[in-house]
Amino acid sequence: MASSGPRHPLEDTHWPTAEAYAASWLARPLRLASGLLLRDRTWVPAMVPWRASDEGFVTPAVLDWYGRFAAGRPGTLVVEATGIRDVPSGPLLRIGHERFLPGLRALVERVAQESGGETRLLIQLLDFLRIRRRPERDRYLREFLVITPRIREGLATLGSDPTAQEAALREALVRLDDRTLATLLGPRETEALERGARERVTDTHEEHIAALPAVLPALFATAACRARDAGFDGVELHYAHAYTMASFLSRLNDRADGYGRTLEGRLRLPLEVYRQVRAAVGADFTLGCRFLVDEVIAGGSTVEDAEFFGPRFADAGLDFISLSRGGKFEDARQPRVGEAAYPYTGESGHACMPTVFGALPPFGLNLGLMARVRRAVRASGRTTPIVASGGISTFARAERALVEGEADLIGAARQSLADPDWFEKLRTGRGASIQRCRYTNYCEALDQRHLEVTCQLWDRLPATPGEPRSRDGRRRLLAPRGDWSAARPAGQAPSAS
Ligand SMILES: Cc1cc2nc3c(=O)[nH]c(=O)nc-3n(C[C@H](O)[C@H](O)[C@H](O)COP(=O)(O)O)c2cc1C
Ligand code: SF4
């Protein structure tokens with residue numbers, strides 16, 4: 001979180017009466033091509049809250065988290081990025097094996113119960129490549145760096161015996177000052193030292209990376225079948241941000257095996273994944289994807305690429321397209337030793353989760369680019385619904401985006417975290433009591449440290465007896481129920497804001 005004050009005040013707004021809301025575009029139902037009926041145009045995009053167990057299982061805290069969103073009865077709720085492989089992934093929710101099914105079924109049941117069956121529930125399916133924590137310098141040189149002939153030769157020019165045992169060469173490296181060391185290391189070795197090693201889809205010299213197009217379609221398809229068996233209404237294929245599928249779509253993807261370089265090549269695997277998933281789950285199971293309107297990194301994809309991809313995804317038969325922007329590793333801040341790079345710390349990260357500290361106000365910041373992708377889809381003759389997101393927290397902005405054809409569904413992630421009841425308050429004409437997101441990214445700072453995500457507006461309010469707290473005991477894990485607009489932390493005077 002930035003230390004200086006917000007540059008941008010929250011937008012002035014007005015809230016509709018219950019009657020005005022009922023007549024609004026936001027309240028209009030929408031039937032997807034799969035047949036799924038969404039009660040209205042409200043949508044909670046995926047958010048990882050770090051509540052799964054270390055083995056990736058649904059925990060009671062996961063059930064409470066989604067139950068709390070469901071109580072506000074959004075039209076659609078997307079469960080956080082969930083790993084499709086059966087590999088240890090820390091406290092990331094997983095769907096890569098049958099043993100995850102009972103927990104996921106409980107999650108589906110909880111959402112149905114809390115929303116009175118009104119909220120449609122999707123789950124976001126994720127594949128990611130390995131990223132290591134930034135190592136301690138000398139440990140990297142002693143244990144992880146591969147001593148290549150190039151490094152031997154470089155050391156020889158500095159006076160080392162090139163035929164020396166590897167251990168002696170490593171000690172010679174440890175003794176070098178940083179500047180001299182830098183002259184011996186290649187760009188990837190420098191990255192591994194300074195930021196932690198990170199695999200890329202372009203590392204096709206690695207067998208498992210070369211094999212991604214062969215293995216991923218089946219992995220996604222099996223995971224999607226599990227989601228269907230668990231009772232979800234559909235899945236969202238995660239083709240956005242810093243992860244495997246987004247890296248295939250990226251302009252930086254120069255794979256030479258037909259899965260990179262050209263627009264068609266970059267799109268090939270995402271389409272193959274989609275087709276195999278569709279063949280596995282059938283036409284009546286909702287299947288969408290989330291991808292980027294702009295990567296916001298040097299040499300990365302821009303909205304022109306997205307305008308090409310959108311119509312092709314629509315043509316392939318996706319039931320919805322959810323859009324996002326940025327969120328990449330390439331421009332992430334250098335992590336501290338022992339921590340991994342986090343893809344929401346650079347300019348691309350700020351584009352993904354815009355704040356009031358940025359140069360531009362965060363409100364609806366990405367709508368213009370998203371509207372361009374929607375227009376490209378419409379121009380191709382398709383009516384595939386487009387989900388927009390990024391700083392949307394007022395009825396007026398949401399309604400304008402729908403009326404002006406910038407989007408078909410309104411994604412509101414942090415606003416829904418700030419006040420999970422805001423949809424219900426809108427419906428019932430109680431907009432004035434909505435707790436508005438401040439867009440300061442306190443929540444995102446917790447996400448970055450893999451701490452349980454909460455919101456600054458409510459995590460210091462007095463807890464209801466028996467309610468679970470964060471692991472350090474200091475924060476509520478859930479937004480209070482009922483109208484808490486007047487509540488404040490014990491001992492604190494009412495705030496003027
Ligand atoms: C704590 C947190 C976790 C997030 N996790 C995911 C995720 O798992 N998958 C995803 O596609 N986006 C994720 N996002 C991004 C949001 O879905 C959304 O695109 C972004 O916050 C911008 O929307 P907003 O301005 O309405 O918050 C996350 C955002 C936050 C704040
Ligand atoms: S902590 Fe709460 S108010 Fe702040 S950005 Fe996150 S959701 Fe919004």
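Mentor: Let's start with residue classes: Ala, Val, Leu, Ile, Met, Phe, Trp, Tyr, Cys and Pro count as nonpolar, Asp, Glu, Lys and Arg as charged, and the others, Gly among them, as polar. This is a predicted model, where local features need pLDDT of at least 70 and side-chain atom pairs count only at pLDDT 80 or more, while totals for chains, interfaces and linings use all residues. Residues are numbered from 1 along each chain as its sequence is written, and chains are lettered from A and ligands numbered from 1 in the order in which they are written.

Trainee: Which residues are closest to ligand 1?

Mentor: A residue is near a molecule if its C-beta atom, placed from the backbone, lies within 6 Å of it. Here 26 residues surround ligand 1, with Pro 45, Ala 46, Ala 81, Ala 413 and Arg 414 the closest. By class, that shell holds 13 nonpolar, eight polar and five charged residues.

Trainee: At what angle do H12 and H13 pack?

Mentor: Two packed helices are described by the angle between their axes and the distance between the axes. Axes are lines fitted to C-alpha atoms, for helices over the stretch in contact, and angles run from 0 to 180 degrees between N-to-C directions. H12 (residues 263-281) and H13 (residues 303-316) pack at about 30°, with axes 11 Å apart. That makes the two helices roughly parallel, a label for angles under 35 degrees.

Trainee: Which residues make the contact?

Mentor: Contact means C-beta atoms, placed from the backbone, within 7 Å. H12 brings Leu 263, Leu 267, Leu 271, Tyr 274 and Arg 275, and H13 brings Asp 305, Phe 308, Phe 309, Arg 312 and Ala 316. Seven of these are nonpolar, none polar and three charged.

Trainee: How many helices and strands are there in the protein?

Mentor: There are 19 helices and ten strands. Along its principal axes, the C-alpha trace spans about 85 × 60 × 45 Å.

Conventions
Helices (H or I, at least four residues) and strands (E, at least two) are DSSP runs, numbered from the N terminus. Angles under 35 degrees count as roughly parallel, over 145 as roughly antiparallel, 65 to 115 as roughly perpendicular and the rest as oblique. Two residues are in contact if their C-beta atoms, placed from the backbone, lie within 7 Å.
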